[in-house]
Amino acid sequence: MPVRVFARVDTSRVPDESTICQFCHWLERYELTPTFLVRVRDPLKAHGLIVQTGLIVDAPIISAPRSTKNKAGERDPEMKSTKKGHPWPFGQKAQVGTEGNDLVHPAVGTPAKVHDSTVREECLPGEEEEIYGDRA
C-alpha cells in the first residue's frame, strides 16, 4: 500500500516540487527550519506516529549514457530503462539499506528496470520485525 494511501493524503491537494522547494528556501532564509520541524514533530510524536529507529532501503537511479559506441556496438546489458517520469531514465539502480547516519548495509547494483522489492532482502540485515515502504 503506498504511503500516500495509508496516510490518507489527497494528491490533488499536494503542492508540486517547485512550491515545496520555494517553501524550504523560505524556511532557510528566515532560519525557521528548526522551529518548523519541532512544531511538526511534537504532535506526530504525541500520537505515536514517528518511527524513532529503523532501516531505510532506497534505490536511486544512476544515469548512464544511452550510447551504443562500445566494441560490440551494443548497449551495456547491465543498463536498462525504467519508467520514472519522462523521459525514461537509463542506467542502474543502487539498492542500498541504511541505518542511522553512518551504517550502510550491503548495496546491490541492478539494472534500472528491476523493481526495488525484488532485491529488498539482500539489502536488509535480517533482524527486522516490520518493514515499511512507499510502494509494493
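Lys93 is buried, because its relative accessible area is 10%, where buried means under 20% relative accessible area, exposed over 50% and partly exposed in between, taken with a 1.4 Å probe and protein chains only. The model is predicted, and local features need pLDDT of at least 70, while side-chain atom pairs count only at pLDDT 80 or more and totals for chains, interfaces and linings use all residues. Residues are numbered from 1 along each chain as its sequence is written, and side-chain values use heavy atoms, with hydrogens and water left out.

Lys93 is found in strand E4, and Gln92 is placed in strand E4 as well, which spans residues 90-99; here helices (H or I, at least four residues) and strands (E, at least two) are DSSP runs, numbered from the N terminus. The side chain of Lys93 reaches the backbone oxygen of Val114 at 3.2 Å, a polar contact being a pair of N or O atoms within 3.5 Å, where within protein one must be able to donate a hydrogen and the other to accept it, and residues adjacent in sequence count only if both atoms are side-chain atoms.

| Residue | Contacts |
|---|---|
| Gln92 | Pro60, Ile61, Ile62, Glu78, Met79, Thr110, Pro111 and Ala112 |
| Lys93 | Ala59, Pro60, Ile61, Val108, Gly109, Thr110, Pro111, Ala112, Val114 and Asp116 |

The C-alpha atoms of Gln92 and Thr110 are separated by 5.6 Å, although these residues lie 18 residues apart along the chain.

Elsewhere, Glu31 is placed in the loop between helix H2 (17-29) and helix H3 (33-46), and Glu31 counts as exposed because its relative accessibility is 68%. Glu31 has a positive phi of about 50°, although Glu31 is not a glycine.

Notes:
Contact means heavy atoms within 4.5 Å. Lists of a residue's contacts leave out its neighbours within four places in sequence.
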